[in-house]
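Let's take a friendly walk through the salt bridges and backbone details of this model. Have the structure open as you read.

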Amino acid sequence: MDQTSIQPKDFEDVIAPTQNWVVKVFQFFRRWPILPALVIVTLVVVAIFAPLISPHSPNSANLLSRLAPPAWAEGGSQTNLLGADQQGRDLLSRLIHGARISLIVVTASLWIGMIAGTALGLVAGYFGKWSDEIIMRLIDVWLAVPFIMIVLVLVVAIGQSFPLLVGVLGASTWAGFTRQVRGLTLSLKQADYVALARVAGASDVRIMIKHILPHTISIILVLTSLQAGSLILAEGTLSFLGLGVPPPTPSWGSIVADGRSYLATAWWVSLFPGIAIFLVVMAFNFAGDWVRDRLDPRLRQI
Amino acid sequence: MTTFLIRRAFTMVLVAFVVSILVFGLARVQGDPRYMYLSEYTTEEQWDDLGVILGLDRPLHVQYFTWLGGALRGDLGISLRESRPVAESIAERIPATFQLAAAAWIFSIIVGWPLGVLSAVKRGTVMDYLGRGFALFGQAIPAFWLGIVLILLFAEYLQWLPSGRREGWAHFIMPVFVLGWSTSAAQLRLMRSAMLEVLDSEYIKFARASGVSNSKVIYKYALRNSLIPPITLTFLLLASFLTGTIVVEHIFAWPGLGRLAIEAVNQNDFPLIAGVVLFATLAYVTANFLVDICYALIDPRIQFS
């Protein structure tokens, strides 16, 4: 049987090519992202209520429970459900507070990138000419800079800190916003209603904010949701390398790094935070795809 | 095409310039560089002498250009902890990083491209979703965690594979897989969408209508034309290995540039990290420029944009 005949693209969602359960599951979650939504809601709730939920303080060391295994493993106890790290700090509590750090870092850096990027995109698209030229060249230069190298040299020069982490992650996101918003602004400013607004005497700033910005909201939303996952991953990587939030503040990436020296005896320290990162990144990626399909199907990859 | 290349060359020089200013500026923000070399037992005389040796008695811009000139000629200063030329440490680490990146890059093509083609040709089937699942996982699993889990599983528990250092081909397996998976995911997605686009075009439909066999349509007509985006972008992905190599070398104790960078960070060795960053930046922008040239050669349409 010839399996490879091409289905017309328009009918992609109407014709179900096979009835295999793998395909069905995939398509179901693509349409109804229940699991991703569940993961994200859990993350947000846990992050907000971290001090209420966590059984212990994330930084209180207890040498008696040093490297205590998870409750279900041999030698584990109910006091440390997921075990404890090399200083006897409760792993579950550290994961819960780590969720908070991840969410704060990602939200803050997304806001920075979004506001700066959108403003630059509006200016470049609306005013055009030299301002457009400068901003677009700036993007070219920025995208050609090896990002991680800048982070390395900054950390050595001024030390690792929370503002630095948020700053560099925010700086890594603005270019995408600028490009998309600029493109949209270029076409929007040709519209009749913008010309009418100008005839009616509206100032440039007013036209940009009142008449153009609202139309870019959906593309901004799509970009935001698509970038959330990669930012979580980037935050984890930087923290793992010791370039993120300074210790003892718990961050998923740095907990994985903590457990690295005790792999052979205490696998749980490194294992659980990694699973948390993986689940959250996966959830954000799925949710991002979903938001994109809903708000701006043109961006969808075939 | 010439305009495009000139513009890219200009960007490249500008990036190198900006990064060098940043590194130089941060070196000065850190305070008097003499503090890094001398202890509290230094005499006044030694202090002044070192100032003259380091050129601190001259104006700032002269200092910058002297430093830059030296850096371009391979004089990156002396590392603090090891007391040896930074350039020497870097040169010694290049082969390991190069081998690792090259191996992971080839791995990502060997795995990513065929899976991408298969995924496009068998669109909507289990094969397609398995391929896309492979890509989804590859882009969501944190590389640093994957490396640790593999070490735990194959080196600690099963004891099948060596986990650290770089001695034989077996030492390559885990680092290459960890570094290559997320890249092969990107390769797969590129190949798949390029292939789908071509498969949907009129001339493929015409070829099918004329009764050309299915395998000939796919491998002779479709595959060749869908190779352009993956080929150009695959070189761009090579440049994006920068972060990945740092992580992988750190986990697997791989004696390359990335590990050197992390060592420099942990020891707060500013001259060393400055040298590594400058070198990596130059290598990175040069590689990107070469990619641009390839891009312009492979796809002549670039001159119109």
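## Salt bridges and backbone geometry

Four residues, Glu133(A), Arg137(A), Asp140(A) and Arg7(B), are linked in a network of salt bridges. Please keep in mind that the model you are looking at is a predicted one. Over all chains, the count comes to 14 salt bridges.

| Arg137(A) | Asp140(A) | 2.9 Å |

Let's begin with the network. Which two helices hold Arg7(B) and Glu133(A)? Arg7(B) sits in helix H1 (residues 2-29) of chain B and Glu133(A) in helix H5 (residues 129-144) of chain A, so this pair joins two chains. Both partners are partly exposed: Arg7(B) has a relative accessible area of 41%, and Glu133(A) has one of 38%.

The pair Asp140(A) and Arg137(A) belongs to helix H5 of chain A, where the two residues are three apart and so separated by about one helical turn. Asp140(A) is buried at 14% relative accessibility, because the cut-off for buried is under 20%. Arg137(A), at 24%, counts as partly exposed.

Arg89(A) lies in the loop between helix H3 (50-53) and helix H4 (91-127) of chain A, while Asp258(A) is in helix H11 (residues 252-259) of that chain, so the bridge ties together parts that are 169 residues apart in sequence. Is Arg89(A) buried or exposed? Arg89(A) is buried, with a relative accessible area of 5%, whereas Asp258(A) is partly exposed at 22%.

The backbone has a few details to visit as well. Going from Pro247(A) to Pro248(A), the peptide bond is cis, with omega near 5°. Pro248(A) is found in the loop between helix H10 (204-240) and H11 of chain A.

Which residues other than glycine have a positive phi? One of them is Lys129(A), with a phi of about 45°. Lys129(A) lies in helix H5 of chain A and is exposed, with a relative accessible area of 73%. Another is Ala253(B), whose phi is near 50°. Ala253(B) lies in the loop between helix H12 (241-251) and helix H13 (257-266) of chain B, and at a relative accessible area of 27% Ala253(B) is partly exposed.

Note on methods. Residues are numbered from 1 along each chain as its sequence is written. Chains are lettered from A and ligands numbered from 1 in the order in which they are written. This is a predicted model: local features need pLDDT of at least 70, side-chain atom pairs count only at pLDDT 80 or more; totals for chains, interfaces and linings use all residues. Side-chain values use heavy atoms; hydrogens and water are left out. A salt bridge is a side-chain nitrogen of Lys or Arg within 4 Å of a carboxyl oxygen of Asp or Glu. Helices (H or I, at least four residues) and strands (E, at least two) are DSSP runs, numbered from the N terminus. Buried means under 20% relative accessible area, exposed over 50%, partly exposed in between (1.4 Å probe, protein chains only).
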